[in-house]
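Hi everyone, thanks for making time.

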Amino acid sequence: MRSVDALLHPVRLRILLQMAGPEAPLSAKEVAARLTDVPHATLYRHVRALADAEWLVRAEEVRARGAVEVRYRLAEGDAVATADDLVDATLDDHRRWFGLFVGTLLGTFTRYSHGPNADPIVDGVRYRVDPIFMDDDAVPAFHEELQALVSRYRSSTGRARILATFSLPDPDRK
């Protein structure tokens with residue numbers, strides 16, 4: 001059973017970001033080699049939670065030194081909560097999930113900015129808020145187009161980048 005609570009956890013989001021790359025499917029061991037600040041036992045527990053919640057699916061099993069290593073990929077539709085996943089969510093749930101989302105972004109930027117070669121100008125780091133104007137009935141199509149654009153670049157080669165977006169009505173405009 002998919003659970004948004006299982007999805008929106010800082011370590012789990014980092015795991016899912018690794019699984020979204022062209023190198024996937026990946027084993028927990030391969031993800032652990034990338035997320036070196038996460039203890040292995042913690043990482044394996046979070047991979048299992050994502051698989052149990054059906055955000056990750058078994059892609060293949062590989063024999064490695066007498067053991068079976070499971071390699072995972074993102075579930076169909078990427079790791080995106082759908083309207084069905086959110087049908088019973090309260091406003092408090094959304095506030096908590098958004099806080100986790102923003103906290104994860106802050107952690108990502110902090111890890112990047114403390115890296116030995118961090119250079120926001122050279123690396124093309126951008127953060128901005130752009131107002132857009134559309135009727136409510138156009139919002140789903142806009143999000144579909146945006147996801148299609150993101151998906152087109154997800155399978156590209158080159159340096160992995162994090163793109164985070166959120167969309168909501170401007171509470172200061174009536």
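First, some ground rules. What you're looking at is a predicted model, where local features need pLDDT of at least 70 and side-chain atom pairs count only at pLDDT 80 or more, while totals for chains, interfaces and linings use all residues. Residues are numbered from 1 along each chain as its sequence is written, and side-chain values use heavy atoms, with hydrogens and water left out.

So, the layout. We have 7 helices and 3 strands, taken as DSSP runs numbered from the N terminus (helices are H or I, at least four residues; strands are E, at least two). In sequence order the pattern goes α-α-β-α-α-β-β-α-α-α. The C-alpha trace spans about 65 × 40 × 30 Å along its principal axes.

Now the helix contact. At what angle do α2 and α4 cross? Roughly 75°, with the axes of α2 (residues 10–19) and α4 coming within 10 Å; axes here are lines fitted to C-alpha atoms over the stretch in contact, and angles run from 0 to 180 degrees between N-to-C directions. That makes α2 roughly perpendicular to α4, a label for angles of 65 to 115 degrees. On the α2 side you'll find V11, R12, I15 and L16, meeting L43, H46, V47, A49 and L50 of α4, where contact means heavy atoms within 4.5 Å. By class, those residues split into 7 nonpolar, 1 polar and 1 charged (Ala, Val, Leu, Ile, Met, Phe, Trp, Tyr, Cys and Pro are nonpolar; Asp, Glu, Lys and Arg charged; the others, Gly among them, polar).

On to the second largest pocket, about 270 Å³ in volume. A pocket is an open set of points on a 1 Å grid, with protein on both sides within 12 Å along at least five of seven lines, and lining residues have an atom within 4 Å of a point. The volume is the space filled by probe spheres set on the points, using a 1.4 Å probe. Of its 14 lining residues, Y44, V47, R48, V70 and Y72 lie nearest the centre. α4 gives the most, 5 residues, and the lining holds 8 nonpolar, 1 polar and 5 charged residues.

Next, aromatics: there are 4 pairs, meaning ring centres within 6.5 Å. In F109 and Y112 the centres are 6.0 Å apart and the planes at 45°, so this pair is tilted, the class between stacked (under 30 degrees) and edge-to-face (over 60).

Last, the backbone. A cis peptide bond joins A24 and P25, with omega about 5°. E54, in the loop between α4 and β2, has a positive phi of about 70° although it isn't a glycine.

Technical notes. Parallel < 35°, antiparallel > 145°, perpendicular 65-115°, else oblique.
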